[in-house]
Amino acid sequence: MIYDLTTFEGNLKSVSSYLSLSEETVVGYITNKGYEEVEVDSFLSDFKIEDSQLLNEDLWLTSLHVTNNNDKCKSIEKYGLVNLQETLTLDTPLSEYLKRYDISVNIEKKRIYNQGEIIDISKKYDGIERHEGRRREGLDRTVRKLFHDFQVNGFFYSENVLNYGGGVHHRPEFLGDLAMLLGNRDIEYDWYRDVERIPYILKFNAPISQFANDTFDVSDEQYNYLEKTDIEVMKRKKVIQKSLYYLKNKLDKGYISDFYSYLKFHASVPPSNIICIYTQDEYNKECEVYK
């Protein structure tokens with residue numbers, strides 16, 4: 001089943017359908033809690049829902065992804081939603097943009113070519129060093145972005161995805177890291193200043209198996225010693241818990257914190273699994289945006 005966490009209606013419909021409860025029952029339970037938090041284990045216990053029942057459905061989760069381009073998402077419609085490494089390799093607005101500066105990235109050789117200069121990016125990443133100058137910090141950030149944080153990231157829900165601190169609706173985050181490494185802020189700002197480059201919000205579905213374990217707060221230690229079925233139950237309980245949190249806060253007219261989604265490093269979203277591509281105005285109008 002498709003489990004849509006992105007809106008109030010999506011959460012209510014999804015958690016009710018998944019657990020075979022009526023929407024009225026779910027809302028009534030949450031409302032009767034008053035100021036108490038709604039805990040997933042208590043919720044499932046009160047309705048006599050066993051852990052094994054959570055595995056009866058194949059779950060596909062709906063998520064939002066923010067991007068910025070000048071081709072009206074044509075390359076995304078062609079290739080799907082791909083990670084940073086593939087974005088730099090394929091014919092995309094980002095790879096074309098870097099060519100204007102005579103910059104290219106060789107992922108396999110771990111090198112950046114900048115107007116004849118060859119920059120080695122094969123160093124082991126052990127954190128961001130901020131005390132040895134901006135170039136060293138830029139190198140650390142670039143290595144992290146290219147080899148440790150290159151997956152497709154997004155939001156299962158947010159008050160407003162465009163308020164995310166990384167500023168991804170203005171330009172790819174990678175350009176900020178690269179500009180610091182190369183000592184050329186125009187690499188970042190020229191993208192931002194181009195009025196033809198505008199933000200888009202993509203709504204997509206992906207199977208729960210394609211999301212990284214840390215999306216659901218499953219630690220490496222837990223992953224290594226727990227049975228696979230136990231891991232699956234943990235992940236699904238986290239989804240339910242986040243739905244209950246969202247519904248509780250919205251019913252109480254409270255503020256919801258962001259629930260981030262992280263695809264596995266080499267996972268991508270094919271064009272057929274992209275449900276909708278919103279402009280900023282369309283997103284503001286249709287997705288319950290808190291401004």
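Visitor: What makes a feature count here?

Guide: In this predicted model, local features need pLDDT of at least 70 and side-chain atom pairs count only at pLDDT 80 or more, while totals for chains, interfaces and linings use all residues. Residues are numbered from 1 along each chain as its sequence is written, and side-chain values use heavy atoms, with hydrogens and water left out.

Visitor: What makes helix 1 mostly covered?

Guide: Helices (H or I, at least four residues) and strands (E, at least two) are DSSP runs, numbered from the N terminus. Helix 1 spans residues 8-18, and eight of its eleven residues are buried. Among them are Phe 8, Leu 12, Val 15 and Tyr 18. The buried residues pack against strand 1 (2-4), helix 2 (23-32), strand 6 (153-157) and helix 11 (228-251).

Visitor: What makes a set of residues a nonpolar core?

Guide: The members are buried Ala, Val, Leu, Ile, Met, Phe, Trp, Tyr and Cys residues, joined through side-chain atoms within 4.5 Å. The largest such core has 46 residues. Leu 19, Phe 43, Leu 61 and Ile 240 have the most contacts inside it. Helix 11 gives the largest share, seven residues. A second, separate core of 25 residues includes Val 105, Ile 107, Ile 187 and Trp 191.

Visitor: Which residues does Leu 19 touch, leaving aside neighbours within four places in sequence?

Guide: Contact means heavy atoms within 4.5 Å. Leu 19 is in contact with Phe 43, Leu 44, Ile 49, Leu 54 and Ile 240.

Visitor: What lines the largest pocket?

Guide: The lining has 41 residues, with His 65, Val 66, Gln 151, Val 152 and Asn 153 nearest the pocket's centre. Strand 2 supplies the largest share, five residues. A pocket is an open set of points on a 1 Å grid over the protein atoms alone, where a 1.4 Å probe fits, with protein on both sides within 12 Å along at least five of seven lines; lining residues have an atom within 4 Å of a point.

Definitions and conventions
Buried < 20%, exposed > 50% of the residue type's maximum accessible area, 1.4 Å probe, protein only.
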